[in-house]
Amino acid sequence: MQLTIFAKKRQTKEGKTFYNYLSTLVSRDGRETPVQVKFRDAAGQPRPENCPCNIIVEKSDANLSTREYTDANTAEVRQSKTLWVSAWKNGPEYVDHSLDDYD
């Protein structure tokens, strides 16, 4: 499956910089599910400066985990999904078409 990976620059309380990788999974019925993407150490990870980028992941090289948490602001129970990737390869070049419908 082809995924478009986005990198979000974050900082710890101590000031150390790290990156979260985000993507969207599309189910067979067309529903989109936002996921955090974590790469196992052996797989390596895309370079943040190259993101957004497309990668190819075989389904056998990934698994999806779900965790429930309570939103601190609304006390609503929500779900967080994480896609764990153990192997991937570069996909076609990412081309942004988000503004094609606007002048």
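This is a predicted model: local features need pLDDT of at least 70, side-chain atom pairs count only at pLDDT 80 or more; totals for chains, interfaces and linings use all residues.
Student: OK. In what order do the strands sit in the sheet?
Tutor: The open sheet has 7 strands, in the order β5-β6-β3-β2-β1-β4-β7, with mixed pairing. Strands here are DSSP runs of E with at least two residues, numbered from the N terminus, and two strands pair if DSSP finds at least two bridges between them.

Student: Which ones are at the edges?
Tutor: β5 (62-70) and β7 (89-90), each of which pairs on one side only.

Student: What about β4 and β7?
Tutor: Those run antiparallel too, with 2 bridges between β7 and β4 (residues 53-56). Ile56 is the residue standing opposite Lys89 in β7.

Student: Let's stay with Ile56. What does it touch?
Tutor: Leaving aside neighbours within four places in sequence, Ile56 is in contact with Met1, Gln2, Trp88, Lys89, Asn90, Gly91 and Pro92. Contact means heavy atoms within 4.5 Å. Gly91 is 35 residues from Ile56 along the chain, yet their C-alpha atoms are separated by 5.3 Å.

Student: Why is Ile56 called partly exposed?
Tutor: Because its relative accessible area is 22%. Under 20% is buried, over 50% is exposed, and partly exposed is in between, using a 1.4 Å probe and protein chains only.

Student: Switching to cysteines: how many disulfides are there?
Tutor: The structure holds 0 disulfides. The term covers a pair of cysteine sulfur atoms within 2.5 Å. Cys51 is in no disulfide, and the nearest cysteine sulfur, that of Cys53, is 4.0 Å away.

Student: Are Cys51 and Cys53 buried or exposed?
Tutor: Cys51 counts as buried because its relative accessibility is 16%. Cys53 counts as buried as well, at 12%.

Student: Now pockets. What is the volume of the largest pocket?
Tutor: About 400 Å³. A pocket is an open set of points on a 1 Å grid over the protein atoms alone, where a 1.4 Å probe fits, with protein on both sides within 12 Å along at least five of seven lines; lining residues have an atom within 4 Å of a point. The volume is the space filled by probe spheres set on the points, which are joined across faces, edges and corners.

Student: What lines it?
Tutor: The lining of the largest pocket has 17 residues, and Met1, Leu25, Val26, Ser27 and Lys59 lie nearest the centre. At least two lining residues come from each of β1 (2-11), β2, β5 and β6 (77-85). The lining divides into 7 nonpolar, 6 polar and 4 charged residues. Ala, Val, Leu, Ile, Met, Phe, Trp, Tyr, Cys and Pro count as nonpolar, Asp, Glu, Lys and Arg as charged, and the others, Gly among them, as polar.

Student: And the second largest pocket, what is its volume?
Tutor: About 160 Å³. The residues lining the second largest pocket include Tyr19, Asn20, Gln36 and Trp84. β2 and β3 (32-39) each supply at least two of the lining residues.

Student: Where are Tyr19 and Asn20 in the fold?
Tutor: Tyr19 lies in strand β2, and Asn20 is found in β2 (residues 17-26). Tyr19 is partly exposed, with a relative accessible area of 34%, whereas Asn20 counts as buried at 15% relative accessibility.

Student: Last one: which residues does Asn20 touch?
Tutor: Not counting residues up to four places away in sequence, Asn20 touches Phe6, Ala7, Lys8, Arg10 and Gln36.

Notes:
Residues are numbered from 1 along each chain as its sequence is written. Side-chain values use heavy atoms; hydrogens and water are left out. Helices (H or I, at least four residues) and strands (E, at least two) are DSSP runs, numbered from the N terminus.
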